[in-house]
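Me: I've got a model open and want to talk it through. Can you walk me through what's in it?

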Amino acid sequence: MIRMTVVSIGSIAVVLAARRKEKRAAGSTDTLVVLDRKLRKGDVPTDPAERDAMRALVAQRLHRTRHRVPALVFLVVLFCSVTVLTAMTGGLRPTIGLALLTVLFIGWLTVSGSRNQRRLRAMDAALESEGATRSPAYSKA
């Protein structure tokens with residue numbers, strides 16, 4: 001019980017820290033909400049201040065997701081290992097359920113992550129193509 005509480009508090013702290021960094025990149029919470037909506041719709045901001053905020057937000061999110069593929073591979077190995085171990089020690093019903101969960105969850109993660117990466121890269125390209133300079137933070141090497 002205590003361990004679960006500590007892990008939950010730690011997870012909340014990590015999420016809040018990431019959100020605080022995004023808010024700092026965007027300027028305010030309201031701006032972050034507006035930029036996130038524009039990013040999802042694919043609308044490129046026209047206001048120079050908003051473009052700079054979007055550029056910083058996109059650069060930060062691209063930087064944060066740079067290890068997406070190795071993390072996905074790790075999750076595939078982990079879920080498949082648990083499914084195989086369940087097949088070896090459990091019955092047919094739990095194995096089928098876990099295999100179904102594995103396929104659906106990994107499939108959803110792959111599709112969702114790819115869609116978000118595509119949106120981020122498209123916005124990054126749109127912001128760069130219009131003569132804007134890239135934010136020095138998180139620049140590509």
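Reply: V77, for instance, is found in helix α4 (residues 68–89). This is a predicted model, where local features need pLDDT of at least 70, side-chain atom pairs count only at pLDDT 80 or more, and totals for chains, interfaces and linings use all residues. Residues are numbered from 1 along each chain as its sequence is written, and side-chain values use heavy atoms, with hydrogens and water left out.

Me: What's the mean pLDDT of the protein?
Reply: 88, with 92% of the residues at 70 or more. pLDDT is the predictor's confidence in each residue, from 0 to 100. Among the elements, α4 has the highest mean (96) and helix α2 (residues 29–41) the lowest (88). Over residues 132–141 the pLDDT is below 50, and that stretch has 16 contacts in the model beyond near neighbours in sequence. Contact here means heavy atoms within 4.5 Å.

Me: Back to V77, which residues form a nonpolar patch with it?
Reply: V69 and V73; together with V77 they have about 260 Å² of accessible area on the surface. Areas come from the Shrake-Rupley method with a 1.4 Å probe, and for residues only the protein chains shown count as cover. Patches take residues with over 30% relative accessible area and no salt bridge, joining like charges within 9 Å and nonpolar side chains (Val, Leu, Ile, Met, Phe, Trp, Tyr) within 5 Å.

Me: Why does V77 count as partly exposed?
Reply: Because its relative accessibility is 48%. Buried means under 20% relative accessible area, exposed over 50%, and partly exposed in between (1.4 Å probe, protein chains only).

Me: New topic. How many salt bridges does the structure hold?
Reply: Seven, a salt bridge being a side-chain nitrogen of Lys or Arg within 4 Å of a carboxyl oxygen of Asp or Glu.

Me: Which residues are linked in a network of them?
Reply: R19, E22, D36, R40, R61 and R64. R19 pairs with E22, with the closest N and O atoms 3.3 Å apart. Both lie in helix α1 (residues 2–26), three residues apart, about one turn of the helix. E22 also meets R64 in a salt bridge, at 2.9 Å from N to O. That pair links distant parts of the chain, since R64 is in helix α3 (residues 48–64) and E22 in helix α1, 42 residues apart.

Me: Is E22 buried or exposed?
Reply: E22 is buried, at 4% relative accessibility. R19 is partly exposed at 43%, and R64 is partly exposed at 42%.

Me: And R61, what does it contact?
Reply: Leaving aside neighbours within four places in sequence, R61 is in contact with R19, E22, L32, D36, L39 and L120. R61 sits in helix α3 and is buried, with 11% relative accessible area.

Me: Which residues make up the largest nonpolar core?
Reply: Twelve residues: A26, L32, L35, L39, A53, M54, L57, V58, L62, L120, M123 and L127. A nonpolar core is a set of buried Ala, Val, Leu, Ile, Met, Phe, Trp, Tyr and Cys residues joined through side-chain atoms within 4.5 Å.

Me: What does L39 touch?
Reply: Not counting residues up to four places away in sequence, L39 touches M54, V58, R61, R119, L120 and M123.

Terms used. Helices (H or I, at least four residues) and strands (E, at least two) are DSSP runs, numbered from the N terminus.
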